[in-house]
Amino acid sequence: MRAVAAFAVVTAFAAGCTRGSEAGTSSAVADTKAGCPAVLATAKTAVKAAEDVNAPWDGPTTGPKAAAGKTIVYVAQSMTNPGVAGAADGVKEAAKAIGWTVRIIDGQGTPAGIQAALSQAVAVKPDGIVLSGFDPKSTAQQVAQANAAGIPLIGWHAVDAPGPSTDPKLFSNVTTKVQDVAKISADWIIGQSNGRAGVVVFTDASIPFAKGKSDLIEKELATCSDVKVLTTSNIPIADASNRTPQEVSALLSRFGTKWTSSVAINDLYFADAAPALRAAGKQGNGAPFNIGAGDGDPSAFQRVNSKQFQSATVPEPLSEQGWQMIDEFNRAFAGKPASGYVAPVHIATADNSGGKSAWDPSGYREAYRKLWGK
């Protein structure tokens with residue numbers, strides 16, 4: 001979702017009452033009791049579960065044994081997109097484990113490049129093709145050719161919902177649920193602020209997926225009466241590096257200390273916001289407390305771990321999703337239905353990341369090897 005950036009990141013800013021301190025840790029509390037005690041309690045429970053790094057893997061427990069000698073082509077929106085590249089690494093690792101061959105073709109981030117890459121993928125007649133980080137409707141001709149040739153297609157962040165898709169025809173699409181990502185991002189703000197926050201939401205309204213995610217975030221924030229969305233900042237992802245610093249300066253001037261929290265559809269907004277916040281004298285571990293509802297790329301983890309203008313991220317388990325894609329292909333080759341598995345949402349903070357630069361849950365590698373007989 002960077003690429004599609006990713007696919008998936010939403011920003012929300014809620015406006016609200018005075019906080020105990022503008023600086024301090026991300027667990028700073030409000031001066032007065034929140035006006036939504038029931039919502040606050042539910043949000044804190046959900047966040048605690050999402051922050052658990054030791055939860056057992058809950059993926060599929062049955063499936064076909066490994067097919068032999070398969071070749072997969074991974075068509076990437078852009079290998080400079082950390083989400084797309086991270087999922088590709090997972091596919092390569094899983095393919096090695098199952099005994100298959102993987103070829104990566106980079107669309108280099110342009111519509112023409114992606115179309116050419118998928119045309120090339122279809123032409124080599126592989127056993128399966130991954131559509132990673134781009135809308136299959138933008139390559140409708142090539143998708144139709146692959147469908148006609150009987151080549152199974154699996155998407156990564158290719159359409160809005162996880163699982164099989166009929167239009168476009170995909171055996172499965174691997175992604176977390178945007179509804180879950182949006183809700184947990186908003187719940188984190190509600191819980192972190194003790195139900196009293198002034199929020200700015202960063203989104204890209206030109207991308208329906210991103211706009212839909214930010215709308216869901218705002219809807220969840222609205223369940224707490226003392227959490228207010230100060231404004232929704234619409235900045236196209238492609239223009240984020242140029243426009244975000246000036247926008248942040250303007251927001252600081254407009255809202256001052258009322259701006260206590262932020263949520264963005266993609267972590268990259270905070271990379272661009274950090275210089276403006278720093279120039280304004282803000283502390284990296286102080287307000288506004290920022291959470292990214294995106295892929296959770298390495299730079300986001302770096303900001304989170306160093307407590308520099310980002311408190312949390314909702315990362316995709318990129319490597320695990322790569323393994324899932326190989327498992328879904330194995331099911332397709334065996335004539336079985338897709339697994340239906342959807343990874344649960346996770347929240348990474350400085351307290352639970354262990355200093356790592358990615359979210360990599362435990363247990364799935366062993367589980368998939370057992371399924372495949374490898």
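Me: What share of the 374 residues of the protein chain counts as buried?

Reply: This is a predicted model, by the way. In the protein chain, 55% of the 374 residues count as buried.

Me: And how many helices and strands are there?

Reply: The protein chain has 11 helices and 13 strands.

Me: What radius of gyration does the chain have, and what would a compact globule have?

Reply: The protein chain has 21 Å, and a compact globule with 374 residues would be near 21 Å, so the two agree. Along the principal axes, the C-alpha trace spans about 60 × 40 × 30 Å.

Me: What part of the contacts comes from residues 24 or more positions apart?

Reply: Counting contacts in the protein chain with a separation of 6 or more, 79% are between residues 24 or more positions apart.

Me: OK, helices now. How do the axes of α10 and α11 cross?

Reply: Helix α10 covers residues 318–333 and helix α11 covers residues 364–372; their axes come within 10 Å and cross at roughly 15°. Angles under 35 degrees count as roughly parallel, so α10 is roughly parallel to α11. The crossing of α10 past α11 is left-handed.

Me: Which residues make that contact?

Reply: On the α10 side they include Trp 323, Ile 326 and Asp 327, and on the α11 side Tyr 364, Tyr 368 and Trp 372 are among them. Sorted by class, the contact of α10 with α11 has 6 nonpolar, 3 polar and 5 charged residues.

Me: Switching to α8. Which of its residues are buried?

Reply: Helix α8 runs over residues 268–279, and its buried residues are Tyr 269, Phe 270, Asp 272, Ala 273, Ala 274, Ala 276 and Leu 277.

Me: What covers them?

Reply: The cover over the buried residues of α8 includes helices α7 (240–255) and α9 (298–306), along with strands β8 (197–203), β10 (261–264) and β11 (289–292).

Me: And what follows α8?

Reply: Gly 281 follows α8, with a positive phi near 85°. In the loop between α8 and β11 you'll also find Pro 288. A cis peptide bond joins Ala 287 to Pro 288, with omega about 0°.

Me: Where does Pro 168 lie, and which residue does a cis peptide bond join to it?

Reply: Pro 168 lies in the loop between β6 (163–165) and β7 (170–174). The cis peptide bond joins Asp 167 and Pro 168, and omega there is about 5°.

Me: Back to phi. What value does Lys 125 have?

Reply: Phi of Lys 125 is near 55°, which is positive in a residue other than glycine. Lys 125 lies in the loop between α3 (111–123) and β4 (128–132).

Me: Is Lys 125 buried or exposed?

Reply: Exposed: Lys 125 has a relative accessible area of 71%, and the cut-off for exposed is over 50%.

Me: What about His 157, buried or exposed?

Reply: His 157 counts as buried, at 1% relative accessibility. His 157 is in the loop between β5 and β6, and its phi is positive, about 55°, although it is not a glycine.

Me: Last one: where is Ile 151, and what is it in contact with?

Reply: Ile 151 is in the loop between α4 (140–148) and β5 (153–156). Ile 151 is buried, with a relative accessible area of 8%. Leaving aside neighbours within four places in sequence, its contacts include Val 122, Lys 125, Ile 129 and Ala 146.

Definitions and conventions. Residues are numbered from 1 along each chain as its sequence is written. This is a predicted model: local features need pLDDT of at least 70, side-chain atom pairs count only at pLDDT 80 or more; totals for chains, interfaces and linings use all residues. Side-chain values use heavy atoms; hydrogens and water are left out. Axes are lines fitted to C-alpha atoms, for helices over the stretch in contact, and angles run from 0 to 180 degrees between N-to-C directions. Helices (H or I, at least four residues) and strands (E, at least two) are DSSP runs, numbered from the N terminus. Angles under 35 degrees count as roughly parallel, over 145 as roughly antiparallel, 65 to 115 as roughly perpendicular and the rest as oblique. A crossing is left-handed if the near helix is turned anticlockwise from the far one by less than a right angle, and right-handed if clockwise. Contact means heavy atoms within 4.5 Å. Ala, Val, Leu, Ile, Met, Phe, Trp, Tyr, Cys and Pro count as nonpolar, Asp, Glu, Lys and Arg as charged, and the others, Gly among them, as polar. The radius of gyration is taken over C-alpha atoms; the globule rule is 2.2 Å times the number of residues to the power 0.38. Buried means under 20% relative accessible area, exposed over 50%, partly exposed in between (1.4 Å probe, protein chains only).
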